[in-house]
Amino acid sequence: MSYSFKVAFKSLYREKWINLLSIFTVGSSLLIITLTVFFLYNLELITGHLPERFSMMIYLKDNLAQEEVQNVLSTLRKRPDVAKLKYISKDEALKELKETLHDTNYILEGLDDNPLAASFEMRLKKDFVNAASAAKIAGEIKKMPGIDSVYYGEKIAEAINLLKRSVENISLIIFLTIALGVVFVTYSTVKILFYRRKEEIEILKLLGATGGFIRAPFLIEGGAIGLMGGVLGTIGAFAFYIAVTYRLSIVIPILKTLVFPPGLLIALPLTGIILGIIGSAIAIGRLRL
Amino acid sequence: MIIFQNVSKYYDFHTVLRNINISIQKGEMAFLTGPSGAGKSTLLKLMYMAEIPDEGNILIEDLDIGSMKMSQIPLLRRNIGVVFQDFKLIRNLNIFDNVALALRIRGVAEKETKALTSEALKKVNLRHLADSYPKSLSGGEQQRISIARAIVAEPLVLLADEPTGNLDPGTALDIIRLFRDLNSQGTTIMIATHNRELFRGTGKRVLKLDGGSLVGEELG
């Protein structure tokens, strides 16, 4: 095995220009993957909190007795999809409205009765925050006795899911395309190296070398190109992160909240190694001994 | 043991070897002679499966080449040491690594590889060139390196294709002496040469090849 490593590293040095070119190509490709992961990770962090803010307003019929309100409350509490419930009485609703209107609350002057309905503000569990579940839950609650109407932001629930799904799909497409590109780059490089060492390979075969013995240095070389490309991509991604959070955030403060996924430091070089080895393995193919 | 049974080899419509029958006993040393183009190199190539016979069977140390699977070829070649006519040294490796390659392919431990390689280089009087690269060596030196690589793993069978073609008469006789030493230790050896001086007075079997056919046999 040490011989295979020795041959691989000698070849990496001897063919340094073609290898450097491959490392830079793999590095920049992996950088694009990193930026996609970086974007996805931060979007996940942001959208991850959105369901917690999603609430459903359940308006009660006017003049319900205290006992009836209690019945509604206990029925709602038993539901598996409810995360949080808050009762807002008619008076509290009016108080909130006045606070919201602030300077223009004079428009409420002259009202003899409180026109607002008592309500429950209901927060759903994270898994139920999607358009289909929210519509089903709202429909069920609407049929309950004492309920006047149910309001929820259908568009928001749909938008959250659509945004997440779209970003995930686009990221997957970008990842697969770039990964294919990395495999192709290492494939081409190793194919060239393989042809340059054709004579050496023929000699190895005549001396009784097995396919594994001949292949090993090429796989190591492909893996090393992937690893170095991965390290380069990680350095590039980290430099990008520093530039965005420390420099650009002076102009756009929200960028300060961006987080660098720590797993990338290991995942990226590892991805490089795997893709590099796959590219090399395809390049060598089946050896005729 | 090497056995050829009715072996023929054709290139396109040209017959290179015709109905060859040979039996070399285990531990025997034999010479194969004949003019250029007689088929000597092809006959050797058939033994390490660089060429496949079109007709007949070949047995090398109980291995039937005809029924051999592709995956068994490396095993066969690891049992055979070959001195190639064109040396087949790897340009990017130094002399030491070129010779050591035969052991590394066989998975010999590195410490043992170093000792055996030094020993083999000593046998061909080229230990001082261990760090040199093939292109800086003369034809004769490259040939001796090729010999060192063929003998370093102490193969069961040693095949040599014109092993003294680039050597002066004195060095050539040294190499033949080296082969005879190996033979006395039990290695089966077959040497293809058109140089009659190499086998004269050896008392070894000489097989005569001409136009692809075995035309005679004598003692050297």
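These notebook entries record what I looked up in chain B and at Ser8(B).

I note that this is a predicted model, in which local features need pLDDT of at least 70, side-chain atom pairs count only at pLDDT 80 or more, and totals for chains, interfaces and linings use all residues. Residues are numbered from 1 along each chain as its sequence is written, chains are lettered from A and ligands numbered from 1 in the order in which they are written, and side-chain values use heavy atoms, with hydrogens and water left out.

**Chain B**

I looked up the secondary structure and found seven helices and 10 strands (DSSP runs, numbered from the N terminus: helices are H or I with at least four residues, strands are E with at least two). The radius of gyration is 17 Å, close to the 17 Å of the globule rule for 220 residues, so chain B is as compact as a globular protein of that length (taken over C-alpha atoms; the rule is 2.2 Å times the number of residues to the power 0.38). I recorded that 53% of the 220 residues are buried (under 20% relative accessible area, 1.4 Å probe, protein chains only).

**Ser8(B)**

I located Ser8(B) in strand 1, residues 2–11. I found Ser8(B) buried, at a relative accessible area of 4%. Leaving aside residues up to four places away in sequence, I listed what Ser8(B) touches: Leu17(B), Arg18(B), Asn19(B), Pro53(B), Asp54(B) and Glu55(B) (contact means heavy atoms within 4.5 Å). For Asn19(B), I noted the backbone nitrogen 2.9 Å from a polar atom of the Ser8(B) side chain. I also checked Glu141(B), which is 133 residues from Ser8(B) in sequence and 35 Å away in space, C-alpha to C-alpha.

How values were computed
Buried means under 20% relative accessible area, exposed over 50%, partly exposed in between (1.4 Å probe, protein chains only). A polar contact is a pair of N or O atoms within 3.5 Å; within protein, one must be able to donate a hydrogen and the other to accept it, and residues adjacent in sequence count only if both atoms are side-chain atoms.
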